[in-house]
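The tour goes stop by stop, with something to select at each.

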Amino acid sequence: MSRRLVRFTLAVAIVVGGLSAASAAAQGAPGDATDPRASAVARHWTPDRVAAAEPRDLVVDERGLAYRRDSAGNLEPHGHTVAAAAAGRTRLRASESAGATSAPAPRARPVADRTGPSVSAVAPAAGTTIGAEKTFSAVVTDPSGLRSVKFVIVYPDGTIGTFSATRGTGDTWSVGLSGFTDGAWAWRVVATDGAKGGNVTTSPTVPFTVDAAGAPQPGSGAVVNAEWTQGGAVQSAAGRIYFEMPANRSGTSWDGYVCSGTVATDSATAESVIITAAHCVYDDVAKTFARNVLFIPDQAGGGSPTDVDCTNDPYGCWAPVHGVVDDDWTTRTFPDNIPWDYAYYVVPGAGAHTGAAASSDSLEAAVGTLPVDFSQPAFDLADASDVTHALGYSYSDDPNFMYCAEDMTAEGADNWWLPSCGLSGGASGGPWVQPMGGGTGPIVSVNSWGYTSSPGMAGPKLAGTSAACLFDIAESGADGVNRGIVGTC
């Protein structure tokens with residue numbers, strides 16, 4: 001993919017603390033702080049604010065509604081006011097039902113026809129036996145264009161689930177589903193064309209059987225959630241991110257949150273770039289960037305839980321000056337902006353450090369980096385080449401650096417998926433490394449989101465997206481001091 005900076009805009013978003021440089025210097029700074037601005041950010045995180053900070057953990061329920069899951073497991077509506085559904089039996093899972101993860105098919109100009117779409121080549125076909133997960137597909141065509149294609153799944157007890165299919169190559173529509181249990185199931189296609197009024201075709205109902213035990217199960221041999229003890233470059237380059245986002249749309253009240261991020265290998269001569277999730281940089285509901293951002297690399301190396309003392313962390317604390325996100329993340333609300341849940345924080349080459357002594361004023365020189373790979377990674381293979389490690393600072397395992405690892409699959413058109421990953425809130429933005437060797441490897445995605453009622457972690461695809469273009473912006477040295485950069489690539 002060609003990495004090309006197209007254009008970007010600057011959006012006001014203060015990321016430093018409320019103290020001025022002069023007042024911070026007058027009050028002193030913890031450790032051997034080298035910069036009043038960094039000291040002001042570190043000082044902002046009082047014990048009370050640290051204790052009140054919550055993981056920035058976004059999840060989606062079976063209705064496609066977004067929620068933020070707090071440290072106690074409560075679900076707070078995100079971008080809407082609908083209360084979380086009562087816990088029930090696990091439903092089938094599909095990224096398309098989780099909220100517009102791919103663009104709708106082009107709609108032709110309505111014409112005066114009375115014929116519904118043509119449906120053929122349905123798979124699985126009648127009499128097929130599948131395992132616990134399966135990609136369903138059908139060829140659907142109509143001269144008037146297609147308004148929607150939905151797959152209706154009939155459960156063994158007669159209840160149904162409806163899932164929006166995604167158009168792939170040619171006229172093939174598909175959706176990957178998981179969560180099947182043993183028994184007799186069935187499915188059908190309901191397609192609506194683009195003619196005036198919308199002609200509807202409902203295909204014959206196709207019976208199939210599920211034998212979950214007879215097929216390889218996702219996550220076989222997987223590491224679900226364990227402490228990372230292998231060290232390496234990922235240990236020092238990854239860290240916890242503390243930040244604040246508005247508690248209301250007016251921005252008169254702010255709450256503290258925690259995420260994870262990793263110092264990335266870049267070509268900038270001064271700045272260092274931290275890759276993380278967009279929901280850890282920009283609040284898509286309040287439409288503003290985070291403030292009072294503090295990055296603590298290798299916090300697990302200090303053996304102390306998150307606190308306000310940057311002197312007990314191996315490399316101290318570092319204060320970014322601005323974040324970089326995609327315009328499509330800012331103009332939509334989760335889960336409609338799921339494909340763009342990647343972002344960067346920029347740390348200046350000097351004057352960003354406070355706390356424990358570091359070997360350099362440059363973050364990347366002090367802690368090391370991991371490369372970001374914007375090409376297509378291996379996935380859904382029978383061998384071990386697609387084993388992917390997802391790492392992060394889970395809130396519930398403070399101060400340990402945690403990871404999960406297993407074969408990577410795809411979740412819809414825009415996300416990778418680790419089916420068994422059990423990292424908890426706070427790990428958002430942490431790196432996905434493939435392949436991992438000696439504690440290092442290329443970053444192919446970041447921890448993004450999950451479902452409310454089933455395990456697994458999604459990560460945005462970096463290949464073929466704006467992720468590389470945004471990285472160019474982040475390392476370009478663009479004037480974003482005290483501001484956030486919204487890139488349009």
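Helices (H or I, at least four residues) and strands (E, at least two) are DSSP runs, numbered from the N terminus. The model is predicted, so local features need pLDDT of at least 70 and side-chain atom pairs count only at pLDDT 80 or more, while totals for chains, interfaces and linings use all residues. Residues are numbered from 1 along each chain as its sequence is written, and side-chain values use heavy atoms, with hydrogens and water left out.

**Stop 1: strand β6 and its end**

Select Ala121. This residue lies in strand β6. Its phi is positive, about 50°, although Ala121 is not a glycine. Most residues other than glycine have a negative phi, and most peptide bonds are trans. Is Ala121 buried or exposed? Ala121 is exposed, at 55% relative accessible area. Here buried means under 20% relative accessible area, exposed means over 50%, and partly exposed is in between (1.4 Å probe, protein chains only).

Move on to Ala123 and Pro124. A cis peptide bond joins them, with omega about 10°. Pro124 sits in the loop between β6 (118-123) and β7 (129-130).

**Stop 2**

Select Gln434 and Pro435. The peptide bond between them is cis, and omega is about -10°. Pro435 belongs to the loop between β31 (431-433) and β32 (443-446).

Now pick Asp298. Its phi is positive at about 50°, and Asp298 is not a glycine. Find Asp298 in the loop between β22 and β23 (317-318). Asp298 is buried, at 9% relative accessibility.

**Stop 2: salt bridges**

A salt bridge here is a side-chain nitrogen of Lys or Arg within 4 Å of a carboxyl oxygen of Asp or Glu. How many salt bridges does this rule give? The count is six. Three of them follow.

Select Asp283 and Arg56. Their closest N and O atoms are 3.5 Å apart in a salt bridge. Asp283 is in strand β20 (residues 282-283) and Arg56 in the loop between β2 (54-55) and β3 (58-60), so the pair ties together parts 227 residues apart in sequence. Both ends are covered: Asp283 is buried at 3% relative accessibility, and Arg56 is buried at 4%.

Next, select Asp61 and Arg63. Their side chains form a salt bridge at 2.6 Å, N to O. Asp61 is buried at 7% relative accessibility, whereas Arg63 is partly exposed at 39%.

Then select Glu244 and Arg291. This salt bridge has its closest N and O atoms 3.0 Å apart. Glu244 lies in strand β17 (residues 238-246) and Arg291 in strand β22 (residues 291-297), so the pair links distant parts of the chain, 47 residues apart. Glu244 is buried at 5% relative accessible area. Arg291 is partly exposed at 26%.

Stay on β17 and select Tyr242, which is found in that strand. Tyr242 is buried, with a relative accessible area of 4%. The C-alpha atoms of Tyr242 and Glu54 are separated by 9.6 Å, though the residues are 188 apart along the chain.

**Stop 3: two covered helices**

Select residues 36-44, helix α2. Seven of its nine residues are buried, so the helix is largely enclosed by the rest of the structure. The buried ones are Arg37, Ala38, Ser39, Ala40, Val41, Ala42 and His44.

Zoom in on Arg37, in helix α2. Arg37 is buried at 17% relative accessible area.

Now select residues 467-475, helix α7. This helix is mostly covered, with nine of its nine residues buried. Among them are Cys469, Leu470, Phe471 and Asp472. Just after α7, click Gly477, which takes a positive phi of about 80°.

**Stop 4: a charged patch**

Select Glu133, Asp380, Asp383 and Asp407. They gather in a patch of negative charge on the surface. Patches are made of residues with over 30% relative accessible area and no salt bridge, with like charges joined within 9 Å and nonpolar side chains (Val, Leu, Ile, Met, Phe, Trp, Tyr) within 5 Å. Lys and Arg count as positive and Asp and Glu as negative; His and the chain ends are not counted. The charge is placed at NZ of Lys, CZ of Arg, CG of Asp or CD of Glu. Accessible areas come from the Shrake-Rupley method with a 1.4 Å probe, and for residues only the protein chains shown count as cover.

End on Asp380, in the loop between α6 (363-367) and β27 (387-392). Asp380 is exposed, at 54% relative accessibility.
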